[in-house]
Amino acid sequence: MDSMIESLAEYAAGLRYRDLTPEAVHECKRRLIDTLGCLAGGFDAKPSAIARALAQRSRGEPAARVLGTQKRSTPELAAFANGVMMRYLDFNDATFGKSAGHPSDVFAAVLAAADAVGADGRSAITAATLAYEVFCNFSESVQREQGWDHVVFGVVANAVGAGKLLGLSRAKMGQAIALAAIPNMALEQTRTGELSMWKGCAAANAARNGVFAAQLAREGLTGPEQAIEGRWGLWHPLGKFRWQPFGGRGGPFRVTQTHIKYFPAVVHAQTPITVALELHAQVEPEEIEAVAIESYWVAERYVDRGNALWHPTTRETADHSIPYCVVAALLDGGITSRSFTSARMRDPRLRALIERTTLRENAEFTRAHPAEWPCRIELALRGGRRAAAEARYFKGHAMRPLTDAEIESKFRALAAPVLGRRAAEAVLTVAWKLETLRDIGVLLKRVKVSPRP
């Protein structure tokens, strides 16, 4: 076991609920509620239906439930199905250090493993907080855009979170990390060009593989030696990195520092949408003749006007397109799931304004990122007039956080139409007291879709 794995395994095996701060516990519950809302909102998506159908062909011993249907499957396939639903809307939380990712994806693995073993609420909170530590530590330590998808961070985080719930010793936790890392290097091509359904499934696949790695380690299977520091270990593709200090021991837990999205779009579009909505309140859409967006380094992705991000034809591409999201917000006064329907994407007025939109990098903004997420938008209006607005943080950023009431409102908007109003309220009530539950199933059994007409 190399030193990187040894230090992570020791931390993971040793972390206890009593080590968590009250803030970490509360923020973990906020993110769980947010993620369950995203799951309900993504229930009817085609990839979600495919994942559920696949999961329902298998039965586990022990089993974990596919949320929404309550049907049982293997823990790894339940994690996959639940993860697809959680991720589909691109509405769950985000982090960015040296690279980006969505740490709340770990709830797919944590809930499946917790369900399989009948874990109590405190154990689930501890495992989720631990998985956040691993995911976010990768993000802080590994440089972006090296060709590897951020779900590489997730598969290790999921193995550690699931392994915690499966009661892995320090030695077996180290094996789970190796069994997660070496076989599961995912390519960044997932998020390049016209995006496919797989974009919303990649993190779910990492959850599936992380749970599987933890199960293999529990049964005594060993993984490759030197999985991080070896000649062909993670240091080879990702570059040499070191863990930042893990949470606790007087330091903050990373679950308290991620950003909860207010809009169902890629994290880089969150500030641009925030600014666009401010401008929407100031001008009539019919007055807008051209749109100029200034952002940080992400503008590099838009230099080629032939890029699919300028001409999205799938939901997956549209919700990752800053120009599309900005123009839709300017015209509609909001960004919701309805912003990404096929009919909306084909709207000639929207497409025409995208053609009159520019996006360029502002060097000052690049220097400020990721401590800040700045964006400035200037509108050219009829009659030669101009209107401009700027923001340094988006709504939902850790420096501009959503209130508990706003998180509940987001959850209700996503979950009530799918679960039913009473069931959605029941999920909220139980989730807020998660640490008191003797069995996580008390919460999970309430995540059930109401009968459809």
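Is Phe241 buried or exposed? At 3% relative accessibility, Phe241 counts as buried, because the cut-off for buried is under 20%. This is a predicted model. The structure holds 16 aromatic pairs. This briefing covers some of them, then rings under charges, a loop residue and a helix contact.

- Phe241 pairs with Trp243. The ring centres are 5.6 Å apart and the planes stand at 75°, an edge-to-face arrangement.
- Trp243 has 13% relative accessibility, so Trp243 counts as buried.
- Both residues belong to one aromatic cluster.

**Phe96 and Trp373**
- A pair of aromatic rings is described by the distance of the centres and the angle of the planes.
- For Phe96 and Trp373, the centres lie 5.6 Å apart and the planes meet at 85°. The pair is therefore edge-to-face, since the angle is over 60 degrees.
- The pair links distant parts of the chain, 277 residues apart.
- Phe96 is in strand β3 (residues 95–96). Trp373 is in the loop between α16 (363–368) and β7 (375–381).
- Phe96 counts as buried because its relative accessibility is 12%. Trp373 has 1% relative accessibility, so Trp373 counts as buried.

**Val267, a loop residue**
- Val267 lies in the loop between α10 (235–238) and α11 (270–280).
- Its relative accessibility is 4%, so Val267 counts as buried.
- Leaving out residues up to four places away in sequence, Val267 touches Ala94, Lys261, Trp373 and Phe394.
- Val267 and Phe96 are 171 residues apart in sequence. In space, their C-alpha atoms are 9.3 Å apart.

**Charges over rings**
- Arg144 lies over the face of Trp297, at 3.4 Å from the ring centre.
- Lys410 has its charged end over the ring of Phe91, 3.9 Å from the centre of that ring.

**Helices α3 and α4**
- Two packed helices are described by the angle between their axes and the distance between the axes.
- Helix α3 (residues 46–55) packs with helix α4 (residues 75–87) at an angle of about 170°. Their axes are 8 Å apart.
- That angle makes α3 roughly antiparallel to α4, because it is over 145 degrees.
- On the α3 side, the contact uses Pro47, Ser48, Ala51, Arg52, Leu54 and Ala55. On the α4 side are Leu77, Phe80, Ala81, Val84 and Met85.
- The residues of this contact divide into 9 nonpolar, 1 polar and 1 charged.

Notes
Residues numbered from 1 in each chain as written. Predicted model: local features only at pLDDT ≥ 70, side-chain atom pairs only at ≥ 80, totals over all residues. Heavy atoms only, no water. Axes fitted to C-alpha atoms, helices over the stretch in contact; angles between N-to-C directions. Helix = DSSP H or I, 4+ residues; strand = E, 2+ residues; numbered from the N terminus. Parallel < 35°, antiparallel > 145°, perpendicular 65-115°, else oblique. Contact = heavy atoms within 4.5 Å. Nonpolar A, V, L, I, M, F, W, Y, C, P; charged D, E, K, R; others polar. Phe/Tyr/Trp six-rings, centres within 6.5 Å; stacked < 30°, edge-to-face > 60°. Buried < 20%, exposed > 50% of the residue type's maximum accessible area, 1.4 Å probe, protein only. Lys NZ or Arg CZ within 6 Å of the ring centre and 35° of its normal.
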